[in-house]
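Have the structure open as you read.

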Amino acid sequence: MGRKAAAGEAAGALRRRPSQKRSRERVGRMLDCAADLIARDGADALRMSAVAERAGVSIGSLYQYFPDKSALIHGLAERYFEAGRRCIAEGLAPVRTEDGLIEAFSGLVDIYLAMFRQDPAMAQVRAGVLADPALGALEVADVRETGALLADALARVAPTGERARLARHALILMQSGESAMRLALSLPDAEADALIAAYKEMAAAEIRRLCAPT
């Protein structure tokens, strides 16, 4: 998942939406090359000319789709967010029991951390989204969607629970998971693993509390 996700999903960032397969592939290649450069040099060092050269397109072609570096970051963020939501939806879809939900949620945390570790550009892009108020709405929208996915799973496991309450707590669980992940990425691996284990323990306890009869 991540960098090699399907091309052209960054429509919100695009100046011009590619309509044909060849154009969608070109846009995907531009995003792939931007991710490669960010992984190598960091987001702050990203230059539009370098992206165009690496993608084998003219700078004019790049600007046809992405008017500036912020739009490229936006496009990559949407790609990563979409890949994450797809992973969460697939992981939670079969859940029907409390223990199954805890196991699935714990597994998703591990998968998500592995995604960050395997793709250095992913953390850089997420940091770029946080640093840019114009892009901050992307993360809010994403955590709302992932929170809704978790709330749906909770509702299946605890059908008598108040849906609004489940939704609020699911949103907090997802947002706190994002925060734990960002902190873990700044720590040595052993400390990061212990931190993530603590988050999973806290999340499991909260899921059990939400699923308990009221």
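This is a predicted model: local features need pLDDT of at least 70, side-chain atom pairs count only at pLDDT 80 or more; totals for chains, interfaces and linings use all residues.

Start with the largest pocket: its lining divides into four nonpolar, three polar and three charged residues. Residues are numbered from 1 along each chain as its sequence is written, and side-chain values use heavy atoms, with hydrogens and water left out.

Back to the pocket. The lining is made up of Ala43, Asp44, Lys69, Ser70, Ile73, Gln124, Ala127, Gly128, Asp132 and Leu135. Helix 4 (69–92) and helix 6 (120–131) each bring at least two residues to that lining; helices here are DSSP runs (H or I, at least four residues), numbered from the N terminus. The space inside comes to about 160 Å³, taken as what is filled by probe spheres set on grid points joined across faces, edges and corners. As for what makes a pocket, picture a 1 Å grid over the protein atoms alone and a 1.4 Å probe: a pocket is an open set of points with protein on both sides within 12 Å along at least five of seven lines, and lining residues have an atom within 4 Å of a point.

Now for the rings. Searching the whole structure turns up two aromatic pairs, meaning rings of Phe, Tyr or Trp (its six-membered ring) with centres within 6.5 Å; planes under 30 degrees apart are stacked, over 60 edge-to-face, and the rest tilted. Phe105 and Tyr199 make a tilted one, 6.3 Å centre to centre with 50° between the planes. This pair links distant parts of the chain, with Phe105 in helix 5 (residues 98–118) and Tyr199 in helix 9 (residues 189–211), 94 residues apart. Phe105, at 6% relative accessibility, is buried (under 20% relative accessible area, 1.4 Å probe, protein chains only; exposed is over 50%, partly exposed in between). Tyr199 is buried too, at 8%.

Tyr112 and Phe116 form an edge-to-face pair, because their planes sit at 90°, with ring centres 5.2 Å apart. Both lie in helix 5, four residues apart, about one turn of the helix. Tyr112 is buried at 12%, and Phe116 at 4%.

Note on methods: Ala, Val, Leu, Ile, Met, Phe, Trp, Tyr, Cys and Pro count as nonpolar, Asp, Glu, Lys and Arg as charged, and the others, Gly among them, as polar.
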